[in-house]
Amino acid sequence: MLTRLATTAATIFVLSGGAALAEYPEKPISLIVPWAAGGGTDAVARVLAEGLKEELGVAVNVVNKPGGGSVIGHSEMLAANPDGYTLGFGTAELATFYWAGQANTKATDFNPIALVNFDSGAFHVSTSSKWSDVKAALEDIKAQPAGTYKVTGTGTGAAYHLAFAGFLKANGIDPLAVTLVPSQGAAPGFQELAAGGVDVVLSSLPEGTAMMQAGKSKPLAVFSEERIAAFPDVPTAGEATGTPFAGGTWRGVVGPQELDPEVKKTLEEAVLKVANSEDFKTFMNDKGFGVRVLDSAAFGGFLAEQHTQVGVIMNDLGIAQRKE
Amino acid sequence: MTAVLDGLALVMQPDVLLTMLISAAFGLFVGMVPGLSATMAVALLVPVAFTLSPVAALATIITCSAMAMFAGDIPAAFLRMPGTPASAAYTYDMNDLVRAGRTGDALGMSLVSSALGGILGAIILMFGAPLLADFAINFSSYEYFWLALLGLSCATLVAGDDALKGWLSLTIGLFLSVVGLDFVTGIQRYTFGITNLQAGVGFISVMIGAFALSELFRKATTSHQAHPKPRLDITERPLPRLNSLWQQRKHIVRGGIIGTLIGALPGAGADIAAWVSYAISKRFAKQPELFGRGSAEGVAGAATANNAALSGSYVPTLVFGIPGDSITAIVVGVLILKGIQPGPLVFVNSADMVNAIYIVFLLANLILVPLGILAIYLGRTVISIRDAILYPVILLLCLYGAYAVSNNMFELWIVLGIGILVWIMQENNYPAAPLILGLVLGQVVEQNFMSSLIKADGNFINFFNRPIAGVLGILTLVVWFYPIVTGVVKKMRSNEPINDET
């Protein structure tokens, strides 16, 4: 009798314990990707979702909500039911909507779960360029009238444009001293560099690999605090100029503001575990993406910092629709 | 060589081969239904292609269009009406040959020569495109600006009977291309505060609206007309005899070369290639009097040319990223959505993918023969499917496809709006192709124009002082002003006698 009671009690205990554990997650989770299927962000999100499925034990479905230059998908993340079953894969653009007047959402409106990627911008020039290092380039840019030199490889107000402008400013140069020739991504930018139409291309280091191997371009500096493992010969901005500077584009998991703290904790741990796994690192390295992992608290600080930095630099460039 | 093997590895994937087979069946089906074009088949497939890998997506489009191009000949043979406009040139020949019991010389000939034309075009693409790409690597935004403008201008001139209507359709397309965030300043244009319009008007939705929904509207208004029933039987084996194929060798080779070259010209696609090749075959034919009354020579020349033109149209698409017709406009759209910017750098950065495209072309044209024979037998059943069953299914495909791409209801409104607009335009003989090219190339023209002006510090002379840019610029101006000048000269000549009298 006693043993039976004990067994029943144990069973109840186990069941209730199991139920408590099964509280979250107990059904498939949707991960909103604000860019089209097949793109870079989509690829990273799908690998991350695959890893999260293993960690959380439920399916994690990538839902592409492209359009409006990612405004639509990002707005949907904020409007989602905060039950933890709809999350978002936020990208660097979310810090610009407020300043560009595209939406009223600030970077600080997003609930940070974890940052998983950061691609540092790099300063590429043609192999026939007269500049052999970034210091010489900056002095030359400073000495010549504004607009003498042109930069491309990025669109107006895109992450690499802002990184480049920030880099000039950090070195005491007016961010408008070098004129941006907008381009749709790195590839047309490098072609323009090869054709002699521009002086600088700003893109990540892996995006320039093909042109470096073809002997048509060389990177002078990378905007990161430490050298990039795959490109050990490229100096950091700090090493090349004496002024440390980091800038580029990034991706991370975010959610709506009212997310339950317990649920958020579970998600944060799972994302951090996947982002630190060898499989994820190998994938990112193969595809030319940089891995930078920040936990929720650090990612929150990062978003707040992004919000102010982007506001200042967009106002400097004259492309902001709102004052700081 | 390793790039060729890499390309082969990309194609020999179960998902790529499977999608090729499915899209082949779909292309044959759509091509067979009179009134539904190869472009419509591709437009309906885009939402599916969109979810696939880049190579599978391109394989889908290439296979589907090659199949639809041949399948257009089937109703031509049985019903005396072309399944796609590209079969119009030799429709009567096909029908008269089948009536005379010579199925092998009609459908068999067109099947084999379509496959040969596609392969010939692919070979020219394989050797020609990389050479052109080496040359194009030094192109800057000035050259691209002129190239895109020239493409737009030529496309508009050859589309439809009335150039003025072509220009009007083009300007609507250009207007749609302006909607969204400004490329240089990031300012919103014509968005009316609608977030969904910030990235511009969705290209896929416009395609589906313009080429599929508008056709359904047109069908809906004419559905009371009696549905034609095929009355002809297949009496002979469906393949041509080897010796009659050998007799047509010159027409096939000539048709293949003419077709590829015409396909590579911007604006002139498979329809024009078939007409030109038909006319040239007639000049060189042994029995020119049979043309229009059942000439196997005419069928061989023109059926080769329209499939070769499909391959040829990929030359400017891959090398310059400038589509020549509405199908390759879709290809460019899909590639960009997939994060691949077509242009000379594709040959450097994605050599394996370019090789995969060649292999897909060869493979698609090879499987055309067995699948085509099947289609000839099944074709008589397919073309008698009732409109009441067929068209609702197509409507469902249109709406589902447009929604599935971005999971956004807003796209359906664009499909509806464009569908109604293009239907009204086509009822009044305004061509739709310039609208699509305007939407795709409008952005290319604007972005390269703005980039060029920024690089040149606002100096317009830079558009002409690079040698290639200068030549292209003058060519464009000639295309624009030639009709005006000839018009004025004609007018002055006709006025002369009146002036003499007064």
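Which residues of helix H5 (residues 134-143) of chain A are buried? The close-ups below start there. This is a predicted model, with local features taken only at pLDDT of at least 70, side-chain atom pairs only at pLDDT 80 or more, and totals for chains, interfaces and linings from all residues. Residues count from 1 along each chain as its sequence is written, and chains are lettered from A in the order in which they are written.

**View 1. The buried side of H5(A).** A:Val134, A:Ala137, A:Leu138 and A:Ile141 are the buried ones (20 or more other C-beta atoms within 10 Å of a residue's own, C-beta atoms being placed from the backbone). They sit on the same side of H5(A) because they cover an arc of only 95° around the axis, judged by the directions from the helix axis to the C-beta atoms. Helices (H or I, at least four residues) and strands (E, at least two) are DSSP runs, numbered from the N terminus.

**View 2. What H5(A) packs against.** Its buried residues meet strand S5 (122-126), strand S9 (217-222) and helix H9 (237-241) of chain A; contact puts C-beta atoms within 7 Å. S9(A) is mostly covered, with 5 of its 6 residues buried. S5(A) and S9(A) run antiparallel, joined by 5 bridges (pairing takes at least two DSSP bridges). Opposite A:Ser126 you'll find A:Ser217 in S9(A).

**View 3. Where the domains of chain A touch.** Chain A splits into domain 1 (27-119 + 248-317) and domain 2 (122-241), with bounds from an automatic or database domain assignment. Their contact takes 15 residues from domain 1 and 16 residues from domain 2. On the domain 1 side, H12(A) gives the most, with 6 residues.

Notes: A residue is buried if 20 or more other C-beta atoms lie within 10 Å of its own, exposed if 12 or fewer, and partly exposed in between; C-beta atoms are placed from the backbone. Two residues are in contact if their C-beta atoms, placed from the backbone, lie within 7 Å.
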